[in-house]
Amino acid sequence: MMDLAVRDIRHDLGRFVLTALGLGMLLSIVLAMTGIYNGMVVDATVLPDTLGADLWVVQRDTKGPFAESSRVPLRLAERLRAVPGVSRTRSYVSFNVQRTGVDGRVQRFMLAGLSWPDDTGDLLLLAQGRSLRAPHYEVVVDVSLGLPLDAQLSIGRDVFSVVGITSGMVSSGGDPMLFVSVADALNIQNDLSNEALRLEGEARLARVRRSEYGRDPASLARAGQPRLPALTPPPVNAVLVDVQPGQDPVALRQRLEQWPDISVYTLEEQRALLVRGVIDRARRQIGLFRTLLVVISAIVMGLIVYTMTLDKMHSLALLKLLGARRGVILRLILEQSMLLGLLSFFVALLIGELLFGHFPRRVLVADSDRLALAGVVAGISGAAGLVGLRKALSADPNQVLAS
Amino acid sequence: MTEPARRTVVSAENLSKTYGEGALRVEALKPTSFEARAGEVVAILGPSGSGKSTLLTILGLINAPTTGSLRIGEVQVIENALPRTSLERQRRQQIGFVFQRSNLIPFLTAEENVRLSLEIDGVNAYESRKRARALLENLGLDKRLLSLPAKLSGGEAQRVAIARALIHRPSVVLADEPTASLDSSRGRQVMELFRDAAHAQGAAVLVVTHDHRTLDLVDRILEMEDGRLTERARAPGAGRSPA
Ligand SMILES: Nc1ncnc2c1ncn2[C@@H]1O[C@H](COP(=O)(O)OP(=O)(O)OP(=O)(O)O)[C@@H](O)[C@H]1O
Ligand SMILES: [Mg+2]
């Protein structure tokens with residue numbers, strides 16, 4: 001039996017291709033939604049995943065810097081390093097910066113401090129350049145910030161040179177990340193104007209004058225253990241702890257939890273926090289939107305196949321009149337529906353291939369997602385085919401005589 | 001070349017058809033009996049609305065008669081009580097249809113339209129192509145094999161339709177005003193085709209026509225009047241001319 005479906009399509013190829021193009025665009029949005037969601041999950045956790053510490057030590061009774069403000073003393077890293085079973089500790093500090101660049105465009109990024117010299121950023125996904133080699137004025141930036149190697153970047157009152165470029169290092173909000181040493185990060189974070197520094201100095205002096213030792217300097221000599229109103233160094237947000245090989249992070253965590261000033265989380269817990277906290281709403285939103293798009297695609301496809309069938313009613317009636325089996329009509333309609341679905345599917349893949357890389361945020365489409373889309377398209381095509389078939393089987397041979 | 005046996009291929013007894021119910025009831029075909037033999041061309045004449053098309057749809061196994069019985073070829077169709085699938089098979093194998101116009105499937109070429117009649121009954125592509133080409137060449141359409149129906153003239157399209165109706169060698173060819181959209185010389189050509197086919201293939205050809213100028217080419221004339229079928233006495237000089 002000759003292939004009627006293909007012959008009919010060939011007869012009006014332009015229309016068929018155009019229809020598939022439109023449908024393919026619709027399906028590409030379904031694919032984009034999936035990719036955007038996957039991208040969000042990866043983006044949200046790329047920082048803790050890359051830093052790769054076993055434990056996150058944060059301010060007591062907080063959930064850590066990804067959830068809320070967490071402040072721990074800079075010296076906590078040293079205390080933790082002394083604990084048996086700990087192989088390495090790194091201070092972690094990060095904060096968002098939004099500013100207007102020289103070109104007038106708003107730049108938003110997240111700045112993170114690397115615990116120089118223990119951590120120079122070797123773990124980062126470096127695409128170009130190198131990790132930090134000096135404790136100051138060097139910065140590793142993400143490629144999404146759009147700066148080339150050796151570019152000069154002024155942050156706060158200092159100018160940094162770009163020594164390395166990462167790819168895909170973004171904050172959970174999708175902003176590019178910048179890495180400097182913890183010392184530089186703290187400087188930037190606590191950067192004060194000259195006037196503020198002067199005022200701060202005077203306030204400090206006034207505090208000392210008001211204290212017992214200020215009122216009676218001789219008392220300082222009498223005191224065995226003087227309690228000076230010392231200036232503490234600025235706090236960091238967390239300390240990353242690596243466990244020695246063979247040691248159980250969970251056991252260490254239980255020991256550390258006894259310390260009254262800190263809370264401890266495993267990497268997994270931090271990831272879960274990010275995935276659930278940061279993107280849960282977005283996930284549901286995207287999920288709903290994607291479902292809606294699938295339903296719309298199904299309706300559109302059903303309508304298209306129905307119209308394609310309507311256009312053929314006379315031919316279908318003629319086929320019936322000639323005594324064609326139902327299978328002939330069934331194959332004609334379902335095959336066309338499937339071909340339309342197939343072509344649309346590949347259009348969607350192609351659009352994804354061409355466009356998704358240019359999206360401002362990561363769009364991550366896995367083969368399993370493509371397979372799932374293929375399944376959805378097959379389902380939609382089948383359903384649309386049935387809609388067309390219902391109409392097709394109602395074709396009445398009498399119509400041929402009546403015309 | 002005439003069929004020696006002249007067997008009866010259509011045999012209708014008390015066929016009738018009533019459309020609708022109550023006030024809308026139309027007795028389109030009153031109880032009618034007739035026979036048609038192999039190799040015969042039968043013209044059916046009658047005014048509009050007299051029930052000619054209704055009769056053809058019943059003979060063509062498209063509509064079931066309200067009463068009566070019908071035999072086509074070897075198969076007895078009593079009030080179309082046969083299952084749908086075997087009615088379809090009867091249509092594929094026993095019957096050829098030609099209508100006034102829009103006979104052809106627009107997305108198939110002339111050759112494919114003819115092949116269709118064979119392929120829906122399971123003939124393979126090679127065989128169907130060979131036979132379709134031979135027949136179309138015979139009808140002078142060898143330059144038109146690959147043309148779509150929209151590119152054919154009315155007369156060409158009608159010859160393709162006739163080829164499609166004949167290619168599977170049916171025992172009955174049913175034609176509903178096949179010459180209505182053609183000028184008189186082309187109309188005559190079509191009627192000659194039917195006559196030749198009837199003689200060559202031994203088919204009974206039933207043609208509904210308004211075209212009285214071609215009646216000299218037919219063997220018998222049936223007249224339809226208000227749902228009633230009567231045989232007209234042969235006009236002198238009309239009828240089969242010796243081949
Ligand atoms: N499906 C139907 N339902 C109801 N009435 C019908 C139907 N088909 C035909 N009729 C009626 O049956 C009668 C015969 O119709 P038919 O089409 O057989 O006439 P006809 O001889 O072919 O006319 P024409 O020369 O105009 O084609 C008409 O009165 C018509 O209105
Ligand atoms: Mg009619």
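Predicted model: local features only at pLDDT ≥ 70, side-chain atom pairs only at ≥ 80, totals over all residues.
**Entry 1: chain A as a whole**

I began with burial and found that 44% of the 403 residues of chain A count as buried.

Next I looked up the secondary structure, and chain A has 13 helices and ten strands.

How does the radius of gyration of chain A stand against that of a compact globule of 403 residues? I noted 32 Å for chain A, while such a globule would be near 22 Å. I then checked the box along the principal axes, and the C-alpha atoms of chain A fill roughly 120 × 50 × 35 Å.

I also looked at contacts in chain A with a separation of 6 or more, and 75% of them join residues 24 or more positions apart.

**Entry 2: surface and charge**

For the accessible surface of chain A I wrote down about 20300 Å². Carbon and sulfur atoms hold 58% of that area.

Then I turned to charges. Chain A has 43 positive and 38 negative ones, and their mean positions lie 5 Å apart.

**Entry 3: aromatic rings**

How many aromatic pairs does the structure hold over all chains? I found seven. One of them joins A:Phe345 and A:Phe346, with 5.3 Å from centre to centre. Their planes stand at 65 degrees, and I logged the pair as edge-to-face.

A:Phe346 has 47%, so I put it down as partly exposed.

**Entry 4: helix 1 of chain B**

My last stop was helix 1 of chain B, which spans residues 52-59. How many of its eight residues are buried? Seven are, and I noted the helix as mostly covered. The buried residues include B:Lys52 and B:Thr54, and I also listed B:Leu55, B:Leu56, B:Thr57, B:Ile58 and B:Leu59 as buried.

Just after this helix I came to B:Leu61, which takes a positive phi of about 60 degrees.

Terms used: Residues numbered from 1 in each chain as written. Chains lettered and ligands numbered in written order. Heavy atoms only, no water. Helix = DSSP H or I, 4+ residues; strand = E, 2+ residues; numbered from the N terminus. Rg over C-alpha atoms; globule rule 2.2 N^0.38 Å. Buried < 20%, exposed > 50% of the residue type's maximum accessible area, 1.4 Å probe, protein only. Contact = heavy atoms within 4.5 Å. Areas by Shrake-Rupley, 256 points an atom, 1.4 Å probe, with all protein chains shown as cover. Lys, Arg positive; Asp, Glu negative; His and termini not counted. Charge placed at Lys NZ, Arg CZ, Asp CG, Glu CD. Phe/Tyr/Trp six-rings, centres within 6.5 Å; stacked < 30°, edge-to-face > 60°.
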